[in-house]
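Colleague: I am new to reading models of this kind. Please put the sequence and the model up, and then I will ask my questions.

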Amino acid sequence: MKITVNGEPHEVAAGRDDPVVDVLRDGLGLTGTKAVCRTGVCGACTIAVDGTPQAACLLPAAAVEGRALTTAEGLDHPVQRAFAAHDGLQCGYCTPGFVVEAAAFVDAWRAGHGDVEPPREEIAAALAGHLCRCGAYGRIYEAVAAACRGEHDDGEVTPARVEAMEKITGRARYTTDVRLDGMLEGVIIRSARAHARVTSVEVDGSPVVDLLPEDRIVRYAGQPIAAVAAATRGEAEAIAASARIGYEPFPAAFGDGPDAPPVYDERSRKNAPSSSEGMTLPASWDGNVRGPFSGASKRGRKAAELIDAARRRGDPLLVTGTFSTAVQVHTPLEPHACLARWDERGDLHLHLSTQTVAIAAEQAARRWKLDPGRVQVVAEHVGGGFGAKSGITVEAVAAVELARACGAPVRVVFSRAEELTDAGSWPGSTTNIALLAGRDGELAALAMDVRSRGGVAVGGMSAALARFVYGTAPRRLRDYDVVTNEPPGTPFRGPGAPPMLWALEQAVDEMAHRLDVDPIVLRRRWDGNPKRHALYERALALPVWRDRPRSGSQTGRFRRGVGVAMASWIYAITPATQVELEVVGDVVVARTATQDIGTGVRSVIAGVLQEELGLPAERIQVEIGRSSAPPGPPALGSRSTTSVAPAARDAARRLLAQGLKPGTEVVGKRRRDRGGYVTPFPMNGMALGRGFSGAVHVTEVEVDTRFGTIRPLSVWGGITAGRIYAEKPARNQCEGGIIQGIGYALYEERLIDPVTGTVLTSNLEDYRIPGIGDVPEITLHFHQEGWDHVNGGGVGLGEVSTVGVAASVANAVYNATGWRPRDLPIRPDRVLEGLSP
């Protein structure tokens, strides 16, 4: 078959029905065209066909024969330079598709309107078929508008992040893009039952790798059973589909009723996976319920006594309620993927989409009984993670074992259905809260019971996080895990905090109304964090806050409301972090075993070195994503920047002391903070520093009372996290956090078949994440004072920017309607039911 791609004729061996995305990727190696959803929903595979953008995953090869195709690799367009200058990307996995679509829109707009900026609505309509899980939409708006104004026609641009042009042109290589000679494709066989013992596995046509636990019991539909491999993914899928699996079925538990069948017995409980980065709090079991853990309580008995007395006397200053949250799925656009190869020496090489290159290498060495130096993990670019890609997960196990069994490299890449079923989700929850104020308006007591539903995983710690907010009043805090036959929960951005703040910040809002006090003023009174006080002062002065309507006062179909919520997050670091500098010619090369999932850590390191060494950008090179480099932090828990930046500064100063001579090498280390750590020694490589980052979000919404829809109009986000090392990537990350918070509030909800336990929301049509048209106007303010005790003066941003957003949306809905949402997401049916007489 003959096709023309990027101006070059090609003859490809492709079937007429083969999707064009596969022809480009597998036949021509043009991996800028990404295969994400394969249903035409996400836009990541967009190419131009005779100048018209189309989804390559839906195009059969026969439809493009004799036509001219253009991919991101073949573009040289002002919109690409605009994306680089305005930071219209984060992880970059969706970026080539956005760029192809945006280029066509910019050309058409300028042809019809000249160099005039289009309305925001026009840009949103043009890019409506594209998804960015990182939430870089605000920067994308800016980039497209600038390109329409003709600002980037001259070819000169200063990228906002180091790797921008690689991602924008499709040259960046992710794990899903790596191919090796003789490589096979692996596929995982998954359980069709929610609870059963597997009695037999029969497969024809491939070596079989066993992925079952020791007791041979599967505990959720979709659990890995085995893995197979073949020359192509299609062949491997056919082998997997024909596998014959024998089951001894058991009753399954999908609720927490007293008659629910047991998920674990006493022996197998100890192997339950963790939903909280392995830091599972100790607690006892009662059937399928684990808990309570109440060790975070503060004068818990006193809190219970005060609340019980207030309840008996009908105290109006006792606010109580039950709040629930749905399961939220990480669904990074680059799926979980691993390419494994054993070399002739018996060393193990992994290309792995991971947030933890160093940890993955350590775990692989232990699992396969190798010296650490004989395992190499590479993650050059990572297409998002959000907490789901940590350590050696099942795709890596399957790839490694298949590679050994087949004697060839094997790649295992999750399908989108697998990604939405068994690759990472934040547990749902039910929270009972009681909040008591005294006659003086001060916080008197707090009680919070949180029942986390993480499927077969345990580790809920939402209530425990309420110890660290709003002063020192007595509080009884109890965490429970309700174990069911559903896929395991995993850490998500700010593990535990969103469910806690969803309940607490609405209760505080209700208390402000009962006290007839401005909700921001009440928070300022109760909140002992002086850094957040600066944010409250700014929020109080916002016109959108000053001019908000009185709660519940509006009538008519469309009602506008404004709500506020605060947030807090721990200051975490990886104390063992090192950055190595080597002078190669006239270039300083920096190396550390960390990885960039879209947060801009390359730019942080490069920025520190430019500042300290006084060198231009072209004389700094940053190499990350390899486990063989000096120890670096995982991209988890808002600790990348605060770990690598001081180490890079230390290395730069050592290099200056020795002179910038070719061949010079130094290693910089992260020094201990003034004031020390809260934890006397690292746990799982992480230590806690003194102090909490903080945020205040003021959100404006419009509620359509006829259809029950909620449209976010604007969000003001105030962040107190100290020094901002890379301004544009920092703003981008925080805006993305806000957008994920909006998704949590309004759209995202994993659904399970209540009979079979099968995940029903297994594609990006049924599991909805925010698109560009869902994004409000976002304004950010960084308060950078108050972190002088921290080495480098700044802490992480990723968690604190998102965890309180959903509560601010709910408080805005209450302000608009007088109805308080209790359940996430705030679906239209729930709005209409809440507003019905």
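Colleague: Among contacts between residues at least 6 apart in sequence, what percentage join residues at least 24 apart?

Modeller: This is a predicted model, in which local features need pLDDT of at least 70, side-chain atom pairs count only at pLDDT 80 or more, and totals for chains, interfaces and linings use all residues. Residues are numbered from 1 along each chain as its sequence is written, and side-chain values use heavy atoms, with hydrogens and water left out. A contact means heavy atoms within 4.5 Å. Of the contacts between residues at least 6 apart in sequence, the share joining residues at least 24 apart is 77%.

Colleague: What radius of gyration does the protein have?

Modeller: The protein has 21 helices and 31 strands (DSSP runs numbered from the N terminus: H or I over at least four residues for helices, E over at least two for strands). The radius of gyration is taken over C-alpha atoms, and the globule rule is 2.2 Å times the number of residues to the power 0.38. For 837 residues that rule gives 28 Å, and the protein comes close to this, so it is as compact as a globular protein of that length, with a radius of gyration of 27 Å.

Colleague: What percentage of the residues count as buried?

Modeller: Buried means under 20% relative accessible area, exposed means over 50%, and partly exposed lies in between, with a 1.4 Å probe and protein chains only. Of the 837 residues, the buried share is 62%.

Colleague: In β19, which residue is the bridge partner of Leu 339?

Modeller: Two strands pair if DSSP finds at least two bridges between them. Strand β16 (residues 337–342) runs antiparallel to β19, with four bridges, while β6 (residues 184–190) runs parallel to β19, with three bridges. In β19 (residues 410–413), Val 410 and Val 412 point one way, Arg 411 and Val 413 point the other way, and all are buried. The partner of Leu 184 in β19 is Val 410, and the partner of Leu 339 is Arg 411.

Colleague: Why is the pair of Phe 386 and Phe 492 classed as it is?

Modeller: Rings of Phe, Tyr and Trp (its six-membered ring) pair if their centres lie within 6.5 Å; planes under 30 degrees apart are stacked, over 60 edge-to-face, and the rest tilted. The structure holds eight aromatic pairs. In this one the ring centres are 6.5 Å apart and the planes stand at 40°, so the class is tilted.

Colleague: How many residues apart are Phe 386 and Phe 492?

Modeller: Both residues are buried. Phe 386 is in the loop between β18 (375–378) and α10 (394–406), and Phe 492 is in the loop between β23 (475–482) and α13 (497–515). The pair links distant parts of the chain, and the separation is 106 residues.

Colleague: The side chain of Gln 223 reaches the backbone nitrogen of which residue?

Modeller: Gln 223 is in the loop between β9 (217–218) and β10 (224–230). Gln 223 is buried, with a relative accessible area of 10%. Not counting residues up to four places away in sequence, Gln 223 touches several residues, among them Ile 189, Arg 190 and Pro 213. At 2.7 Å, the side chain of Gln 223 reaches the backbone nitrogen of Arg 219.

Colleague: What distance separates the C-alpha atoms of Ser 568 and Asn 529?

Modeller: Ser 568 is in strand β24 (residues 558–573). Ser 568 is buried, with a relative accessible area of 10%. Ser 568 and Asn 529 are 39 residues apart along the chain, and their C-alpha atoms are separated by 9.5 Å.

Conventions. A polar contact is a pair of N or O atoms within 3.5 Å; within protein, one must be able to donate a hydrogen and the other to accept it, and residues adjacent in sequence count only if both atoms are side-chain atoms.
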